[in-house]
Amino acid sequence: MKKLSKLMCLLLAVGMLMGIASCSSDAGEGGGGSSGGTETVRISCGPLNGYQNVLYNSIADMMNKANPGKYSFAIEASTGSAENARLLAMGETDFGTMGMDMTLSCYNAEGEFEGLPAEQIMHVATHSGTGATVHVITSAKSDINSIPDLAGTKFGVTAGMMAGYLDDVLWAYDMTTDDLGSVVNLSLSDLCTALQDGNIDAFLYATPAPGTNFTDLAMSFGIKVVDIELHPKSWTRKSTKGVQKSMGKELFSEEL
C-alpha cells in the first residue's frame, strides 16, 4: 500500500510538472506568483484532513524538495470538487482536483458552472481514485437508523460531488432532497461542528474509511454511521426486461 501511494504521488507529480511547463507562459495571469525567484504554485484540493489534502501535501513536499528555490507548492483547503473547479476556472488557483463529471461541466460552463467562461481549465492528470465510501453520519443518540428516517430532518452535505452522492442514495429509496426537512451546504469541518451544535440532524460525506474527521468526531462527540442497506431491488425498480439505463446507472431486472 505504501509503495502504491508513493507511485501515485510520483505519477501525479510528473503530470503536474508537465502541466506547469505547458502553461508557464500564462503564469502571470493565473493564481501563481513569484517571490525572490521562486514561483508559487497554488493547489486547491479539498478539506483539511481529507484524503486529497493529505495526498497532495505529500506531493507538494516531494516537488518542493525536487525543485529547491524554483517552485513553492502551496496546498489550499477547499470544500471540494465544485469549489476547486470554480477557483481554477476563475484563475484564482493553479491546479485543482475534481471528478471527471465536474471537470467536463466546468470546461463547458454547464450546470452549476453556468455563467462562468467556458474552456478555462486544462486536464493534466488522472488517477484511479481514492476508494471513497459514502457515509451518512448522525449523533450516537439520534433516532435516525436508516435512510427513510431522514425524512423531515435537517440535513447537511458539501456542495458539488457530495450533493450528487446524496441524490444517488435518496434515489435508491424513491426519495429526493424534497423529502428532507432542509438541506444546507457546508464544508466537512463545518458539517462536523453543525452536528455537534445541533444545527443539523445528520450529514453525508464520501471519504476513504475511517477518515480522521469522523474518528475525531466519534471521540469528542459520539456518532453512528447510518446503515444505507442498498438492496438490489433498490436499483431495479424501473427495469422490466434486461438492462436499461436510468440517470446514468445500469439497471437490471430481478430475473437477470
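1. Basis of the comments. The model is predicted, and local features require a pLDDT of at least 70, side-chain atom pairs count only at pLDDT 80 or more, and totals for chains, interfaces and linings use all residues. Residues are numbered from 1 along each chain as its sequence is written, and side-chain values rest on heavy atoms, with hydrogens and water left out.

2. Salt bridges as a set. A salt bridge is taken here as a side-chain nitrogen of Lys or Arg within 4 Å of a carboxyl oxygen of Asp or Glu.

3. E76 and R42. These two side chains form a salt bridge with an N to O distance of 2.5 Å. Because E76 belongs to strand 3 (residues 71-76) and R42 to strand 2 (residues 38-44), the pair ties together parts that are 34 residues apart in sequence. Helices (H or I, at least four residues) and strands (E, at least two) are DSSP runs, numbered from the N terminus. E76 is partly exposed at 24% relative accessible area, and R42 is likewise partly exposed at 26%. For these terms, buried means under 20% relative accessible area, exposed over 50%, and partly exposed in between, with a 1.4 Å probe and protein chains only.

4. K65 and D61. The salt bridge between these side chains has an N to O distance of 3.3 Å. Both residues are in helix 2 (residues 51-66); they are four residues apart and therefore separated by about one helical turn. K65 counts as exposed, with 62% relative accessibility, whereas D61 is partly exposed at 38%.

5. R86 and E112. Here the side chains meet in a salt bridge at 3.7 Å, N to O. R86 lies in helix 3 (residues 81-89), while E112 sits in the loop between helix 4 (100-108) and strand 5 (133-139), so the pair ties together parts that are 26 residues apart in sequence. R86 is partly exposed, its relative accessible area being 28%; E112 is also partly exposed, at 43%.

6. S187. This residue is located in the loop between strand 7 (182-185) and helix 6 (188-197). When neighbours within four places in sequence are set aside, S187 is in contact with T79 and T158, where contact means heavy atoms within 4.5 Å.
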